[in-house]
Amino acid sequence: MAEDRTKIPTPLRREVLEEAGYACAIPVCRIATVEIAHIEPWSKVKEHTFDNLIALCPNHHTLYDVEKKIPKASVLRYKANLAVLNGRYSDLERRVLEDAVAQRYGMANGMPVPPDPGMRQWTVHRGMGLLLSHLLKDGLIRKGLGPSGGLRVGHQEMEHTYVLTPKGIEFVRQWQDAEPLLE
Ligand SMILES: [Zn+2]
């Protein structure tokens, strides 16, 4: 790169990486990254602004920037959806949604699985339920029975199992397909 390109200031870099949780902003990818892409190319804008920067893994950065295989409209939507997800949901809730996307994409923990996010269940300790309250309130998840009906100590259920509702399945599809969320 011969052009005179200034470095992205460190605080701005951190802000952009934190927005995406130090992972690729593309929902089906989400692999750890510290790479940042300009949505409008640097050669055109010649500046670094938060709204024009997004965390992408090296592979998707190349696909977007060099090979032009990812539409700019999609990248803009991924960026806008990150703001919705960060503004509305806890870290645990975002992990649940990411896991659901992975399930939809046919992968979970790096292993191929049937691509049906409705089959996925998340079991959390009773005390963690509060961290899922926004997903519950928005009707994206509901309590499920769980494989064993919940681990019990005395009469108290210690764990709760959650599954996606049809609305939750649709939400995950919209996120993956770069459509507007909650609009
Ligand atoms: Zn990626």
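Val 16 has a relative accessibility of 0%, so it counts as buried (buried means under 20% relative accessible area, exposed over 50% and partly exposed in between, with a 1.4 Å probe and protein chains only). Its place is in helix 1; helices (H or I, at least four residues) and strands (E, at least two) are DSSP runs, numbered from the N terminus.

Setting aside neighbours within four places in sequence, Val 16 is in contact with Ile 36, Phe 50, Leu 53, Ile 54 and Ala 55, where contact means heavy atoms within 4.5 Å.

## The model and its confidence

This is a predicted model, in which local features need pLDDT of at least 70 and side-chain atom pairs count only at pLDDT 80 or more, while totals for chains, interfaces and linings use all residues. Residues are numbered from 1 along each chain as its sequence is written, and side-chain values use heavy atoms, with hydrogens and water left out.

The pLDDT, the predictor's confidence in each residue from 0 to 100, averages 87 over the chain, and 85% of the residues score at least 70.

## The chain as a whole

Seven helices and nine strands make up the list of elements in the chain. Of its 183 residues, 40% count as buried. Among contacts with a separation of 6 or more, 61% come from residues 24 or more positions apart.

## The zinc site

Now to the metal. Cys 24 (SG), Cys 29 (SG), Cys 57 (SG) and His 60 (ND1) coordinate the zinc ion at 2.1 to 2.3 Å; donors are N, O and S atoms within 2.8 Å of the metal (3.2 Å for Na, K and Ca), and water is not among the atoms, so sites may look incomplete. The spacing of the donor residues in sequence is C-x4-C-x27-C-x2-H. Both Cys 24 and Cys 29 are buried.

The angles subtended by the four donor atoms run from 102 to 116 degrees, which makes the arrangement tetrahedral (for four donors, all angles between 85 and 135 degrees).

## Helix 4 and its partners

Helix 4 (residues 72-88) buries several residues, including Val 75, Tyr 78, Leu 82 and Leu 85. The buried residues of helix 4 pack against helix 1 (10-19), strand 2 (53-55), helix 3 (58-65), helix 5 (91-104) and helix 7 (166-176). Turned away from that buried side, the opposite face carries the exposed residues Ala 73 and Gly 87.

Notes:
Four donors count as tetrahedral if all angles lie between 85 and 135 degrees; four count as square planar and six as octahedral if opposite donors are over 155 degrees apart and all others between 65 and 115; anything else is irregular.
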